[in-house]
Structure formats: structure tokens, C-alpha cells
Amino acid sequence: MSSNFDSRTMGLLARQQHASSSSDASAAHSRADQQSPKVGGGVRLLMGGGGSSRSLSNAASQPKHQGHPQAQQMVGQQATSGGQGEKTEMGRLQEVLFVERAINSQAGIGMSFVRSKEEKMASPERLNLDKRRLMHMPLLEGEERLRLLNYQNNSISKIENLRGLDHLIFLDLYNNQLAAIQGLEQVPTLRILMLGKNRIERIEGLGALTRLDVLDLQHNRLASMQGLDAKPELRVLNLANNCLSRITGLELLPSITELNARRNAISEVKCLSPMDTLQRLFLSHNVVPHVQAIRDVFSFKGLVELTLDGNPVSNAEGYRQTVVDAMKWLKHLDLRRVSEEERRKA
């Protein structure tokens with residue numbers, strides 16, 4: 001599943017800037033099923049070892065061409081396929097330039113990334129590398145102004161090479177091969193972090209992100225919420241489709257307004273103190289057995305929307321009225337508006 005980078009990014013940033021508005025709160029974990037736009041028309045990959053060059057869009061299907069002149073000729077033919085003898089001058093191409101080279105680190109062979117002057121001028125604060133078949137995050141050269149970075153739908157297994165991005169606020173690594181959260185101490189400015197649909201088993205490596213506003217960890221392998229640490233500005237947390245058995249530690253998130261924990265194995269919600277900031281709590285399709293297992297939720301005076309459908313508790317006789325009786329301020333239960341009649345009975 002992919003999403004429209006520009007529209008989704010703008011939606012998240014708008015929510016960040018208007019923290020008092022709750023009408024768009026579920027946008028952090030919703031994704032439009034559309035293809036993300038690409039950056040630039042062409043992509044060039046220069047292999048550091050042999051000096052060969054090839055189009056990145058055909059990188060998976062074409063063999064490497066040995067010999068610099070022949071490779072340059074191949075790229076020139078690809079770049080001019082739509083025109084009549086147009087010259088292939090790198091400075092005139094609106095393309096992304098990849099330069100793969102050896103990096104003296106434990107990572108072994110890595111990549112550095114350079115955009116053309118024209119491409120950078122057109123979008124100095126955004127970079128979209130969605131669906132580039134990347135296995136590593138490249139070094140980003142000359143991208144000091146970058147604020148929004150998208151690596152969706154690749155095969156990246158490690159978070160790395162983020163140094164120098166002192167203004168980065170949005171990082172999207174949805175649908176990759178990440179097994180751990182690491183390397184984020186280089187970007188303490190991050191406000192929105194999208195790590196959904198990876199292979200992450202533990203929440204860790206977030207200590208430096210004290211300004212984090214949105215955290216998306218849906219579709220991973222998390223068995224515990226331990227490791228969130230104190231996140232004073234975190235408002236939206238998406239933990240849907242993991243392996244959680246309990247909701248704990250919400251008291252460490254004093255600004256939380258929305259928690260999505262759908263489709264886990266949650267049997268109870270425990271909170272050491274009332275969470276008056278929490279407005280939306282999604283617990284559909286878990287294993288909550290009875291109302292007593294979520295009695296701490298009844299003290300959340302700011303809660304306006306709660307979902308428990310798909311849990312055993314929702315099949316109990318009188319379930320809906322029992323919840324409304326306990327939370328007279330609730331506006332929506334299981335995606336249905338709480339009626340005035342239900343309130344009068346409470």
C-alpha cells in the first residue's frame with residue numbers, strides 16, 4: 001500500500017500546526033491508495049567501482065555496463081528518447097543523481113545522493129525517494145534545507161546517514177525492511193516519524209526525539225509499549241496491527257490526543273493517572289473480555305470517540321449502554337454517534 005506523499009504530508013503538518021483542532025485526527029494513520037509522485041523525470045546511477053552508469057528505473061532488470069564511454073552513451077540515449085538529438089548535459093537534466101561509492105564504515109558499500117541544481121531549486125525542502133528499490137539510505141549531500149524526506153516502499157533495513165539534516169521534521173520509512181529503530185539521534189528536530197509496515201519488534205532509539213508530534217508504528221511486531229520514554233509533545237500514536245497484549249504507559253504522554261491500537265491482542269488498558277488530553281481511542285478487534293478490563297478508560301474525561309467493536313466485550317448484553325453510562329461525555333462509540341436517548345438513560 002502506498003500513499004500520496006504531498007497530500008498526506010500536508011495533512012500531517014496541518015494537524016501539527018493546529019493542535020487544538022481534532023477533526024482531522026485520524027489522518028496520521030490513514031493512507032490513500034495512490035501512487036506517490038517521483039522526484040524528477042530521470043534517475044542516474046553511477047557505480048563507484050567501475051565508473052559505469054545506468055538508469056535507476058531499469059536498475060533491477062538491466063545488467064551493469066562496463067566502461068565509462070559506453071555507459072554514458074546508454075544514458076544519453078535513454079535521456080533523449082523523447083526528443084530529436086537533444087544533448088545529454090548533466091547540468092540541464094532535471095534528474096536525481098545517485099553516486100554509489102565505498103564508505104569506510106561497517107555498512108560497507110553505500111551510496112551518496114546529489115540532486116541537480118534545477119531539481120533542488122524546484123523543491124529545496126522536500127525529497128521523495130518512494131519506490132526506488134533502495135536497500136540502503138544514501139548520504140544526502142547538500143540537503144541542509146531539507147524538511148520532508150520520503151523513503152516509502154523500498155527495501156531499506158537500517159536507518160542511517162541522516163547527519164547534516166538539521167531542519168528535518170518529517171521522515172517516512174513506511175513499507176521497508178527495518179528491524180530496529182536507530183540512528184535518529186542525528187535528527188532531534190523530527191516532528192513526524194512514519195515507520196509503519198516494517199519488522200520492528202521493540203520501541204527504542206527515540207530518546208533524542210523530544211519534539212515528536214506524530215509516531216506511526218502500525219503493522220510491525222511490537223509486543224510491548226515499553227520504550228516510548230517521556231514524549232511531552234506526542235499527540236498521535238498509531239500502534240495498529242502489532243502484537244500488543246496491554247495498553248500501558250500513557251501517563252508518559254501528557255499531550256496524547258489519539259491512540260490507534262486496532263487489531264492487536266489487547267485484553268486490558270492500564271493507566272496510572274487520568275488522561276484528560278486523550279480524545280480518540282481505537283481498540284477494535286482485540287480481545288478485551290469485559291468492561292472491567294478497561295475501567296481506567298472511564299476516567300478519561302476528554303475522550304469523545306471510542307471503538308471496542310470486534311472484542312468479546314462488545315457482544316455482552318447491555319454493553320453499549322453500560323459504556324455510555326460510565327462515559328456520559330462520549331460522542332461516538334464503535335463508529336456510531338451516541339444518541340440523546342442513550343444519554344438520558346445514562
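Trainee: How much of the protein chain is made up of buried residues?
Mentor: In this predicted model, buried residues make up 47% of the 346 residues in the protein chain.

Trainee: And how many helices and strands does the chain have?
Mentor: The chain has 5 helices and 18 strands.

Trainee: What about contacts between residues 24 or more positions apart?
Mentor: Take the contacts with a separation of 6 or more: residues 24 or more positions apart account for 37% of them.

Trainee: Okay, on to the inside. How many residues has the largest nonpolar core?
Mentor: The largest nonpolar core has 69 residues. Those with the most contacts inside it are Leu149, Tyr151, Leu171, Leu184, Leu193 and Leu237.

Trainee: Which helix gives the most to this core?
Mentor: That is H4, with 3 residues. Strand S4 (109–115) and H4 each supply at least two residues of the core.

Trainee: Why would nonpolar side chains gather like that?
Mentor: In soluble globular proteins, nonpolar side chains tend to be buried together.

Trainee: Let me zoom in on Tyr151. What does Tyr151 touch?
Mentor: Not counting residues up to four places away in sequence, Tyr151 touches a list that includes Leu129, Leu134, Met137, Pro138, Ile156 and Leu171. Asp172, Tyr174 and Asn176 are also among them.

Trainee: Where does Leu134 lie?
Mentor: Leu134 lies in the loop between strand S5 (126–128) and strand S6 (139–140). Leu134 counts as buried, at 3% relative accessibility. From C-alpha to C-alpha, Leu134 and Tyr151 are 8.5 Å apart in space, and they are 17 residues apart in sequence.

Trainee: Now charges. How many salt bridges are there?
Mentor: The count comes to 10 salt bridges. As background, side chains of opposite charge can pair when their charged atoms come close.

Trainee: Which residue does Arg235 form a salt bridge with?
Mentor: Arg235 pairs with Asp213, and the closest N and O atoms are 2.9 Å apart. The pair links distant parts of the chain, 22 residues apart: Arg235 is in the loop between strand S10 (214–216) and strand S11 (236–238), while Asp213 is in the loop between strand S9 (192–194) and S10.

Trainee: Are those two buried or exposed?
Mentor: Arg235 is buried, with a relative accessible area of 8%. Asp213 is buried too, at 2% relative accessibility.

Trainee: What about Arg320 and Glu342?
Mentor: Their side chains meet in a salt bridge, at 2.6 Å from N to O. Arg320 lies in helix H4 (residues 319–326) and Glu342 in helix H5 (residues 340–345), so the pair ties together parts that are 22 residues apart in sequence. Arg320 is buried, with a relative accessible area of 12%, and Glu342 is buried with a relative accessible area of 12%.

Trainee: And where do Arg343 and Glu340 lie?
Mentor: Both lie in helix H5, 3 residues apart, which is about one turn of the helix. Arg343 counts as partly exposed, at 24% relative accessibility.

Trainee: Which side chain of opposite charge is nearest to Lys231?
Mentor: That is Asp229, 4.4 Å away. A salt bridge needs the nitrogen within 4 Å of a carboxyl oxygen, and Lys231 is buried yet has no salt bridge.

Trainee: So what is around Lys231, then?
Mentor: The backbone oxygen of Leu228 lies 3.3 Å from a polar atom of the Lys231 side chain. Leaving aside neighbours within four places in sequence, the residues in contact with Lys231 include Leu206, Gly207, Leu252 and Pro254. Lys231 itself sits in the loop between S10 and S11.

Trainee: Switching topic: how many disulfides are there?
Mentor: A search of the whole structure finds 0 disulfides. As for cysteines, Cys243 is partly exposed at 44% relative accessibility, whereas Cys271 is buried, with a relative accessible area of 11%.

Trainee: Last one: where is Ser267?
Mentor: Ser267 is in the loop between strand S13 (258–260) and strand S14 (268–269). Ser267 is partly exposed, with a relative accessible area of 29%. Ser267 and Ser245 are 22 residues apart in sequence and 5.9 Å apart in space, C-alpha to C-alpha.

Key:
Residues are numbered from 1 along each chain as its sequence is written. This is a predicted model: local features need pLDDT of at least 70, side-chain atom pairs count only at pLDDT 80 or more; totals for chains, interfaces and linings use all residues. Side-chain values use heavy atoms; hydrogens and water are left out. Helices (H or I, at least four residues) and strands (E, at least two) are DSSP runs, numbered from the N terminus. Buried means under 20% relative accessible area, exposed over 50%, partly exposed in between (1.4 Å probe, protein chains only). Lys and Arg count as positive and Asp and Glu as negative; His and the chain ends are not counted. A polar contact is a pair of N or O atoms within 3.5 Å; within protein, one must be able to donate a hydrogen and the other to accept it, and residues adjacent in sequence count only if both atoms are side-chain atoms. Contact means heavy atoms within 4.5 Å. A disulfide is a pair of cysteine sulfur atoms within 2.5 Å. A nonpolar core is a set of buried Ala, Val, Leu, Ile, Met, Phe, Trp, Tyr and Cys residues joined through side-chain atoms within 4.5 Å.
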